[in-house]
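Subject: Structure for you to look at

Hi,

Here is the structure I promised to pass on. Have a look at it first, and then read on for my notes.

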Amino acid sequence: MSSSSAHTFKEKERDLNTHIESFIAQMKRRQIKGPHDVAIATAQLLLRVVSAARWTHIDQLILQIKVVGRRLQSAQPRELTCGNIVRRVLALIREESEDTSDSESGDGANNSLLITSMFSLLQTDFDNGNSSDNSKGAKKDLKPYIIEGIQELIDELRNSSESIAGKSVEMIHENETILTATPNSNTVLKFLLRAAQKRKFTVLIAEVFPNDIEVAHRFSIKLAEAGIEATVITDAMVYSIMGRVGKVILGTCAVLANGGLLATSGTEMICQCAKAHRTPVVVCTGIYKLSPMYPFDTESLVEVGDTGKVLNFEDGSLVEKVDVVNPLFDYVPPELVDIYITNLGGFSPSFMYRLVLDNYRQEDVKL
């Protein structure tokens, strides 16, 4: 390697490390947040990593991606989408490597038959040596194929909400009453807006006190601007009004391998009410939110927010006498969900493990 090329490589390495450190800092400061934004930012960073990486064997590239993935995941352990994208890229790399190996072994078998025929005809040591040299061939460069695969993954992430929204007309009926409890979900918003182009329906929005009250009101304004009759209701009204609800449509922060999900705090209570009234629960989610993790310890998955929103610290005498917890998310078990609407189609919770096997490799579950 010449000194100039070595110098250029070191510059690229420093530039890459700077981008990684910047990404980690933004994750810790919550400048990048939300499953969709985190997923795209992670995929773009890994695209840069693969483009700058140098390796002589595919295992070296996999190791580099895993090292970076562990650093990214440690920045915000409860943001499961980041780890999901790292694992998707690792699965993509392994698939490209296996396809190349299969192709080369097939070519090798054909070359072997050809060489055997030549040996039997020529029967000379010189021709035997030349035929052996010709059979080796140049090794396929995987980097362009891996980069193309990551770019396709980024396109999938960007178009996932639109793909899900395209199924809304099939799910929402004319003059139906819909209840949602995840007003911070852009996927649910697009789903309802697309359905409103061909259906007339009413949307009830649970305020999910105390974290998303303002978000719920902004959500209702966006629906109203599209001509949808939208009303924000208190959490206490959910059970009494559930009998008039046709469907509960929810977004999610993450879907786990057992078919359960993590969603806005208060979602589990709404799903319990829906089950009591036999109201279908529909969850809109991109496949990129599907995690190969199982909820063995649900408390470790749930992030806790500002307790001052639940009990004002000005009430000093009461604060000293009670323990206040403000979870930002709920774990909803799979038995409370009827169907997942994804960018690949509709699936029951019991089928999610199969999608995990299709999108991830077992050896990459633990980064």
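What volume does the second largest pocket have? It comes to about 350 Å³. Please keep in mind throughout that this is a predicted model.

Let me stay with that second largest pocket for a moment. Its lining is made up of 16 residues, and R88, A91, L92, E95 and G149 are the ones nearest its centre. Three helices each give at least two residues to this lining: α4 (80-122), α6 (143-165) and α14 (352-359). The largest share belongs to α6, with six residues. Sorted by class, the lining has eight charged, six nonpolar and two polar residues. Both domain 1 (6-159) and domain 2 (166-364) take part, with at least three lining residues from each.

Now for the largest pocket. Its volume is about 1100 Å³, and 36 residues line it. If you want to find its centre in the viewer, go to K33, G34, P35, N184 and C253, which lie nearest to it. The elements that contribute two or more residues to this lining are α2 (35-52), α8 (186-195), α9 (213-225) and β6 (261-264). Among these, α9 provides the largest share, namely four residues. By class, the lining of the largest pocket splits into 13 nonpolar, twelve polar and eleven charged residues. Here, too, domain 1 (6-159) and domain 2 (166-364) each supply at least three residues of the lining.

Next, the aromatic rings. There are two aromatic pairs in the structure. One of them joins F347 and F351, with ring centres 5.5 Å apart and planes at 5° to each other, and this pair is stacked. Why does the pair count as stacked? The angle of 5° falls under the 30 degrees that stacking requires, so the label applies. The two partners fall into separate accessibility classes: F347 has 16% relative accessibility and therefore counts as buried, while F351, at 35%, counts as partly exposed.

On cysteines, the count of disulfides is zero. Take C271 as an example: the nearest cysteine sulfur belongs to C273 and is 9.2 Å away, and C271 is in no disulfide.

Finally, two places where residues apart in sequence come together in space.

- G286 sits in the loop between β7 (281-284) and α12 (298-301). With 3% relative accessibility, G286 counts as buried. Its C-alpha lies 5.8 Å from that of S160, although 126 residues separate G286 and S160 in sequence.
- V169 is part of helix α7 (residues 168-171). At 22% relative accessibility, V169 counts as partly exposed. The C-alpha atoms of V169 and A195 are 5.0 Å apart, with the two residues 26 positions from each other along the chain.

Best wishes

Key:
Residues numbered from 1 in each chain as written. Predicted model: local features only at pLDDT ≥ 70, side-chain atom pairs only at ≥ 80, totals over all residues. Heavy atoms only, no water. 1 Å grid on protein atoms, 1.4 Å probe; cavity = no way out; pocket = protein on both sides within 12 Å on 5 of 7 lines; lining within 4 Å. Points joined across faces, edges and corners; volume = space filled by probe spheres on them. Nonpolar A, V, L, I, M, F, W, Y, C, P; charged D, E, K, R; others polar. Domains from an automatic or database assignment. Phe/Tyr/Trp six-rings, centres within 6.5 Å; stacked < 30°, edge-to-face > 60°. Buried < 20%, exposed > 50% of the residue type's maximum accessible area, 1.4 Å probe, protein only. Disulfide = S-S within 2.5 Å.
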